[in-house]
Amino acid sequence: MMNKFFSPAIASLAVLALSIASPALAVSPTDNSSRSDSDPANRPVIGLQYEGPIKVVYQCTRDEWKEGVSKPLLYLKKLRGYYEKQGVDPEQLDLRAVFHGDASTHILTDEAWNRVKNTDTGNPNTELLSELKQMGVHVEFCDSRRQKEGWAKAEIHPDVLLAAAAFARVIDLQHQGYAYIRF
């Protein structure tokens, strides 16, 4: 039995082989708009093509920051905003992030953040985490990591869900059809 993930690759190789063997059989792009190869300023921009439900999981492991907040959380907000601007119904969006590894502190409460980081500033992600929940974005945290760090469940931001194990959760979501993005 052929693995379903190999079928597209085999099909692509077959098309490539045919196009090399006979240029007349080469497949042209699906965008039939007029384009000028001689004028790069007029080349087309590929827009959204998929019209079905959009399911995405971010695996967030790196301690990366942008604009003073967690980079993956910021990019989740930007992705949600992009789809909104494109007219995608929010009911069609299922965006998730699974945090573990070096990014674990990003989802702490203000009090836990202050204790872990030895500061009094509070978690810079607190407002963003609440905002993402209001937008329908699901942020999850690896409960195994929580236990390893010795953090109480109450030390995890209340808008963050707990997943038993991050890797298993990401795999489970991928099997459910979620597109995978790593941070």
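**Walking through the fold**

Read along the sequence, this chain runs α-β-β-β-α-β-α-α-β-α-β-α-β, with helices (H or I, at least four residues) and strands (E, at least two) taken as DSSP runs numbered from the N terminus. It's a predicted model, where local features need pLDDT of at least 70, side-chain atom pairs count only at pLDDT 80 or more, and totals for chains, interfaces and linings use all residues. Residues are numbered from 1 along each chain as its sequence is written, and side-chain values use heavy atoms, leaving out hydrogens and water.

Q: How many of the contacts with a separation of 6 or more link residues 24 or more positions apart?
A: Contact here means heavy atoms within 4.5 Å. Among contacts in the chain with a separation of 6 or more, the share from residues 24 or more positions apart is 63%.

Q: Which residues of α2 are buried?
A: Helix α2 covers residues 71–85, and buried means under 20% relative accessible area, exposed over 50%, partly exposed in between (1.4 Å probe, protein chains only). Their cover includes β1, β2, β3, β4, α4 and β5. The buried ones are Pro72, Leu73, Leu74, Leu76, Leu79, Arg80 and Tyr83.

Q: Which residue just after α2 takes a positive phi?
A: Look just past the end of α2, where phi is about 85°. That residue is Gly87.

Q: Is Glu67 buried or exposed?
A: Glu67 sits in the loop between β2 and β3. Its phi is positive, about 55°, although Glu67 is not a glycine. With 61% relative accessibility, Glu67 is exposed.

Methods: Expected span 1.5 Å × (residues − 1).
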